Amino acid sequence: MRLFSARVIGQRLILAIGLLCICAVADAQDFRSLTVAEFLEEYQEKPNDSPILYNFWASWCGPCVKELPYFESLHENEDTEELKVVLVSLDFAENRLLSFLERNQLVSEVIFLTDWSGADEEWIPTIHPDWSGAIPITVLHQATEEPAKAKLDAFDDENDLKTWLSDALEE
Amino acid sequence: MRKLTLLVALLPLMLNAQLAVGDEAPDFDLMNIDGENMSLADMPDTEGFIVVFTCNHCPVAKLYEQRIIELDAAFSDQGYPVVAINPNDPVRKPQDSYENMQTRAEEKGYTFPYLVDATGETAKAYGATRTPEIYLLQRNEDGQLILAYTGAIDNNSADATAADEHYVTEAIANLKDGKAADPDFTRAIGCTIKWASR
């Protein structure tokens with residue numbers, strides 16, 4: 001007599017695969033999905049304590065993905081560990097972002113914009129008046145400073161980001 | 001010497017200056033994928049041009065590729081042919097090399113020139129920042145090519161059928177009616193131009 005019928009083995013396999021999938025999803029980093037309007041509400045609020053560094057990126061954007069580790073390294077640096085880093089994804093689909101985050105664990109907060117659609121005269125200049133829409137772009141929000149400082153293209157390396165930040169951060 | 005100093009001082013400003021609506025568009029002399037150089041002056045009888053800075057690799061450019069082909073199909077016979085220019089440095093983006101441009105154009109059946117601007121000089125002269133980015137030029141009575149609209153093709157990069165503002169099509173309709181493009185400037189999400197090393 002066989003201990004397990006093919007059917008039981010099949011069911012167990014399905015269960016095992018299912019559990020694996022759940023683990024994979026649980027492992028993936030959390031991100032918030034926001035509409036552009038919801039995001040702008042947060043974005044336009046002045047940070048009252050620590051500054052916020054916003055980076056607009058997408059998993060399909062090569063230079064954006066290349067510079068993500070530079071932002072991640074800020075969390076390990078004494079001078080910048082207080083800085084809040086928010087990575088705003090302009091991926092076309094939420095599952096693209098999800099599978100990217102499954103492969104690349106990020107410490108920084110991630111926001112997925114759900115309803116951006118390409119050309120938009122409302123929200124793009126609200127992010128920064130000099131922004132044409134090309135990604136990546138990085139914007140630093142501070143309690144007092146007006147207007148926000150922006151880097152309109154990718155950073156060359158970690159040091160480039162740190163130098164830019166130390167110039168942009170107010171004493 | 002003083003002139004040189006002034007030029008050096010102004011250089012950063014000149015590089016960043018974006019061509020404004022109403023400005024005369026600079027001509028260029030760039031190699032097409034057929035190996036021949038091309039200038040706007042080679043086609044003096046058009047009503048204008050749909051100049052588009054685009055490339056092979058950028059996902060947004062790919063999403064708009066079919067719409068660029070359709071713009072040429074719709075408007076080249078009406079006096080507004082498409083001229084596509086790739087401003088990316090192929091050293092930084094091998095996908096945007098001359099050979100890959102030829103392959104892409106053949107595969108997709110481009111009906112318009114696809115020019116190589118590997119130094120990015122033409123893109124800088126126009127003030128382009130991203131791919132894809134449109135510069136719609138209209139010929140005036142003196143034969144000068146004047147910028148009439150710059151920005152996106154429409155307002156939905158991911159889904160052509162969901163777009164409800166067709167900026168380029170509507171701008172050309174306005175120009176043909178003797179009116180100005182409205183809007184004459186739009187911003188859109190795209191890929192930064194991969195400039196040749198400074």
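Guide: The conversation below sets values computed from the model against the terms applied to them.

Visitor: What kind of model is this, and how confident is the predictor in chain A?

Guide: This is a predicted model. Chain A averages a pLDDT of 86, and 81% of its residues score at least 70. Over residues 21-27 of chain A, however, the pLDDT is below 50, and beyond near neighbours in sequence this stretch has 2 contacts in the model. Where pLDDT is low, the predicted coordinates should not be read in detail.

Visitor: What makes β6(A) mostly covered?

Guide: Of the 5 residues of β6(A), 4 are buried. Burial requires 20 or more other C-beta atoms within 10 Å.

Visitor: How do you know that β6(A) is paired, and with which strands?

Guide: Two strands pair if there are at least two bridges between them. Strand β2 (residues 52-57) of chain A and β6(A) share 5 bridges in the antiparallel sense, and Leu53(A) stands opposite Leu140(A) there. β6(A) and β7(A) share 3 bridges, also antiparallel, with Lys151(A) as the partner of Thr138(A).

Visitor: Why is strand β7 of chain B described as largely enclosed?

Guide: The reason is that 6 of the 7 residues of this strand (residues 133-139) are buried, so the rest of the structure largely encloses it. Strand β3 (residues 48-53) of chain B runs antiparallel to β7(B), joined by 6 bridges, and Phe53(B) has Glu133(B) as its bridge partner. β7(B) also pairs with strand β8 (residues 145-151) of chain B over 6 bridges, in the antiparallel sense; here Gln138(B) stands opposite Ile146(B). In the hairpin of β7(B) and β8(B), Gly143(B) takes a positive phi near 85 degrees.

Visitor: What makes the buried residues of helix α5 of chain B lie on the same side?

Guide: In this helix (residues 167-176), the buried residues are Tyr167(B), Val168(B), Ala171(B), Ile172(B) and Leu175(B). They cover an arc of only 125 degrees around the axis, which puts them on the same side of α5(B). What covers them includes β3, α2 (59-75), β7 and β8 of chain B.

Visitor: Which residues have the most contacts inside the largest nonpolar core?

Guide: That core has 83 residues, and those with the most contacts inside it include Ile135(A), Ile50(B) and Val168(B). The largest share, 6 residues, comes from α2(B). Among the residues that Val168(B) touches are Ile50(B), Leu71(B) and Tyr149(B), not counting residues up to four places away in sequence. In soluble globular proteins, nonpolar side chains tend to be buried together.

Definitions and conventions. Residues numbered from 1 in each chain as written. Chains lettered and ligands numbered in written order. Predicted model: local features only at pLDDT ≥ 70, side-chain atom pairs only at ≥ 80, totals over all residues. Buried ≥ 20, exposed ≤ 12 C-beta atoms within 10 Å, placed from the backbone. Helix = DSSP H or I, 4+ residues; strand = E, 2+ residues; numbered from the N terminus. Arc of directions from axis to C-beta. Contact = placed C-beta atoms within 7 Å. pLDDT = per-residue confidence, 0-100. Core = buried A, V, L, I, M, F, W, Y, C linked by C-beta atoms within 7 Å.
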